Amino acid sequence: MNDPVTVNAPRAPGLEGRLEAFEAALAAGGSVDLFRFLPPAGDPEYLPTLCELVRTDLEARWALGRPKGLAEYQQQYPELFADPELAAAVAFEDRRQRELH
């Protein structure tokens, strides 16, 4: 069983910094909790950041042969799927990964 990776959220705020930190945590191995890389829930960047983190997580899991279904993401992050544009972006990434793998 993999232990959660201990990686702190980036010191510099912003989507790119958060994605870089998340990708570094993924590369370190183990399981990574997306919530640790998100801005506070009231932040205007919360949903766009969540969307990109989920898309990155989808890509990484497919590459490792451990895909996670959209239903699991929907259950964990219902606020993401309440936004039709962001839900479509995640669904597109899921479809893209299925076609690649």
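Predicted model: local features only at pLDDT ≥ 70, side-chain atom pairs only at ≥ 80, totals over all residues.

Which residues are exposed on the other side of α5?

Of the 101 residues in the chain, 32% are buried. Among the contacts in the chain between residues at least 6 apart in sequence, 56% join residues that are at least 24 apart.

Helix α5 takes in residues 84-100, and at 1.5 Å a residue its 17 residues should span 24 Å, which agrees with the 24 Å between its end C-alpha atoms. Within α5, the buried residues are Leu86, Ala87, Val90, Glu93, Asp94 and Gln97. Seen down the axis of α5, these buried residues fall within an arc of 125 degrees, so they line one face of the helix. The answer to the opening question is that Pro84, Glu85 and Glu99 are exposed on the other side of α5.

The buried residues of α5 pack against α2 (46-63), α3 (70-76) and α4 (78-81).

The pairing of α2 with α5 can be described by its geometry, for the two helices pack at an angle of about 10 degrees, with their axes 10 Å apart. Because angles under 35 degrees count as roughly parallel, α2 is roughly parallel to α5. On the side of α2, the contact is made by Leu47, Pro48, Cys51, Val54, Arg55, Leu58, Glu59 and Trp62, while α5 brings residues including Leu86, Val90, Phe92 and Gln97.

Turning to α2 itself, its 18 residues should span 26 Å at 1.5 Å a residue, and its end C-alpha atoms are 26 Å apart, which agrees. The buried residues in α2 are Tyr46, Thr49, Leu50, Cys51, Leu53, Val54, Thr56, Asp57, Leu58 and Trp62, and what covers them includes α1, α3, α4 and α5. One of these residues, Thr49, deserves a separate look: Thr49 is found in helix α2, and it is buried, with a relative accessible area of 1%. If residues up to four places away in sequence are not counted, Thr49 touches Leu15, Arg18, Phe37, Leu38 and Pro39. Just after α2, Gly65 takes a positive phi of about 75 degrees.

Helix α1 covers residues 15-28, and its 14 residues reach 20 Å from the first C-alpha to the last, close to the 20 Å expected at 1.5 Å a residue. Its buried residues are Arg18, Leu19, Ala21, Phe22 and Ala25; seen down the axis of α1, they fall within an arc of 165 degrees, so they line one face of the helix. On the other side of α1, the residues Glu16, Glu20 and Ala27 are exposed, whereas the buried residues of α1 pack against α2. Just after α1, Gly29 takes a positive phi of about 95 degrees.

To gather the picture together, the buried residues of α1 pack against α2, and those of α5 pack against α2, α3 and α4.

Definitions and conventions:
Residues numbered from 1 in each chain as written. Heavy atoms only, no water. Helix = DSSP H or I, 4+ residues; strand = E, 2+ residues; numbered from the N terminus. Expected span 1.5 Å × (residues − 1). Buried < 20%, exposed > 50% of the residue type's maximum accessible area, 1.4 Å probe, protein only. Arc of directions from axis to C-beta. Contact = heavy atoms within 4.5 Å. Axes fitted to C-alpha atoms, helices over the stretch in contact; angles between N-to-C directions. Parallel < 35°, antiparallel > 145°, perpendicular 65-115°, else oblique.
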